[in-house]
Amino acid sequence: MWEFPRTRYADCNGSEASEETEIAVNIGGVKHILYGDVLNRYPETRLAELVNRATDSTQDVLCALCDDYDDSKREFYFDRDPEAFKCILELYYYGEIHMKRGICPMCFMKEMDYWGIDAEYLDECCISSLNEVQTELEEIAEKVKNILDDLEDDATLTRAQRCQAFLWKLMEKPESSLAARVIAVVSFAFILLSSVVMCMSTIPELQVEDAEGNLVEHPTLESIETACIIWFTAEYILRFLSSSNQVRFVFSFMNIIDFLAIMPFYVVLILTHLGTAVMELANVQQAVQALRIMRIARIFKLARHSSGLQTLTFALKSSLKELGLLLMYMSVGIFLFSALGYTLEQSHPETMFTSIPQSFWWAIITMTTVGYGDIYPKTTLGKCNAAVSFLCGVIAIALPIHPIINNFVIVYSKQRVLETAAKHEIELMALRAREKAQECPEAERTASGGSSSVWDSAAVSASQSDTYIPLLGDTTNVSKDQPTHKCKNN
């Protein structure tokens, strides 16, 4: 038998009868002796109600508060987690609750709800852990909803809306069908091809001379570039037309990247064919060159098809504080050592440090240990300053690196876990829906008009797996006064 040491307090909420009342509860095979004066400190909880009704209530009333009741031993049985119950008891003795290591936060919240204890009694450290788990569950629930939306077909949609949804899945969700996967692979190939063509077009041996003797892009490479742009344009237009919120689509970061990858081609065409009439040819050529450089933006389109690049982006977002510290350390060091280098090198007649802003370049390449050698100190004190600067640079760079790498590992692992959990949840929901359809074939035929589907929305929402996510839908709330298991005596 396991029990807390009994400690009496002067301030008790129970009556004199309840102060002397003691009850025996058996939690998952672990017996506890509890006292009325302790339990009545929180009269709204299940245990307080149990101790107050233990003396003057019938067996049926007592069975409504527990899973089973032995009248001969006057012992109450609960099919609950004994380790979690030890944490629950801390509220009555110490006024707050701590979750022990190894207990699932969401399962512990269900235990607290069963015993009628509010989450406000949790300690702050436990609340932060609970919030992290709730955030993960929300993300899993969002992934599960997206998968279910892809699998389910809403009969209330019009034909145009169905075509729009089909086109959106085809262009945005490669996992939804084989055709969508083929389009994603083709789009990825076009991105790589256009990037290779952009690089090859700068090779002098592959360029040709125009009528004025200027080197221009080879016609074959230009034709390939045109084909890639046509694909990118068609893809962008189809995704825009299939979007449910076109304003949000236009201002999305990745869609802005897609637009910047397409726009220079058409602007170059306009400047080439119409620009010569309103401006000088040299200005047109400079504008064309500047816009051609913008074609490098299409390399960022790879992030749409690469989960690794997306994970890297999320990791950098979560590491903004560490990156800010790195920039701050480097900025302070650059300003300090460039000022010292300028001051110490003034005595040398052939000094390369003509000003402090000009010395910033030397400080940057020194602290980052690049060291091009185009600027270097010539005095002894200046060389000592350079030695200290690159040692400090190594330390300044190394300090925030570990947190940044750790954030990347956390984000990557979290993404893998969320994807696995979402797929696992979908499989379990489908299995439970199939089992329910087999158990109730007649009701299923009546509801579906003679045809049944594993992905029927009602069946899926009613099925609960061992990793059930409460955020996925509304479930029947169990009252604190009603047990989740029926009493054996009933």
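Trainee: Which residues in α10 are buried?

Mentor: First, a caution: this is a predicted model, where local features need pLDDT of at least 70 and side-chain atom pairs count only at pLDDT 80 or more, while totals for chains, interfaces and linings use all residues. Residues are numbered from 1 along each chain as its sequence is written, and side-chain values use heavy atoms, with hydrogens and water left out. In α10 the buried residues are Leu221, Glu225, Cys228, Ile229, Phe232, Thr233, Glu235, Tyr236, Arg239 and Ser242. Buried means under 20% relative accessible area, exposed over 50%, and partly exposed in between, with a 1.4 Å probe and protein chains only.

Trainee: How many residues does α10 have, and how far does it reach?

Mentor: Helix α10 covers residues 219–242, which is 24 residues, and spans 35 Å from its first C-alpha to its last, close to the 34 Å expected. The expected span is 1.5 Å times one less than the number of residues. Helices here are DSSP runs of H or I with at least four residues, strands are runs of E with at least two, and both are numbered from the N terminus.

Trainee: Back to arginine 239. What does it form a salt bridge with?

Mentor: Glutamate 172, with the closest N and O atoms 2.5 Å apart. The pair links distant parts of the chain, since arginine 239 is in helix α10 and glutamate 172 is in helix α8 (residues 159–172), 67 residues apart. A salt bridge is a side-chain nitrogen of Lys or Arg within 4 Å of a carboxyl oxygen of Asp or Glu.

Trainee: How many salt bridges does the count come to?

Mentor: Six by that rule. Another one joins the side chains of arginine 80 and glutamate 111, at 3.2 Å from N to O. Arginine 80 sits in the loop between β4 (75–78) and α5 (82–94), and glutamate 111 in helix α6 (residues 105–114), 31 residues apart. Arginine 80 and glutamate 111 are both buried.

Trainee: And lysine 378, what does its side chain meet?

Mentor: Glutamate 350, in a salt bridge of 3.5 Å, N to O. Lysine 378 is in the loop between α17 (356–367) and α18 (380–439), and glutamate 350 is in the loop between α16 (320–344) and α17, so the bridge ties together parts 28 residues apart in sequence. Lysine 378 is partly exposed at 25% relative accessibility, and glutamate 350 is exposed at 53%.

Trainee: Change of topic. Which residues touch the most other members in the largest nonpolar core?

Mentor: Phe76, Tyr92 and Phe108, out of 42 residues in that core. Helix α5 supplies the largest share, eight residues. Such a core is a set of buried Ala, Val, Leu, Ile, Met, Phe, Trp, Tyr and Cys residues joined through side-chain atoms within 4.5 Å. Apart from this core lies another of 11 residues, including Ile334, Phe337, Ala363 and Ile375.

Trainee: What does tyrosine 92 touch?

Mentor: Leaving out residues up to four places away in sequence, tyrosine 92 touches Val38, Leu39, Arg41, Tyr42, Thr45, Leu47 and Ile117. Contact means heavy atoms within 4.5 Å.

Trainee: How many aromatic pairs are there?

Mentor: The whole structure gives 16. Tryptophan 361 and tyrosine 372 form a stacked one, 5.8 Å centre to centre with 5 degrees between the planes. Rings of Phe, Tyr and Trp (its six-membered ring) pair if their centres lie within 6.5 Å; planes under 30 degrees apart are stacked, over 60 edge-to-face, and the rest tilted. Elsewhere, ring pairs link Phe78, Phe85, Tyr114 and Trp115 into a cluster.

Trainee: Last one: where does UniProt place the transmembrane regions?

Mentor: The unreviewed UniProt entry puts that feature at residues 178–203, 249–271, 323–344, 356–375 and 387–405. Positions follow the numbering used here, feature names are shortened, and annotations may be inferred rather than shown by experiment. In the model, residues 323–344 are 100% helix and 0% strand, with end C-alpha atoms 31 Å apart. Residues 249–271 are 91% helix and 0% strand, with the ends 28 Å apart, C-alpha to C-alpha.
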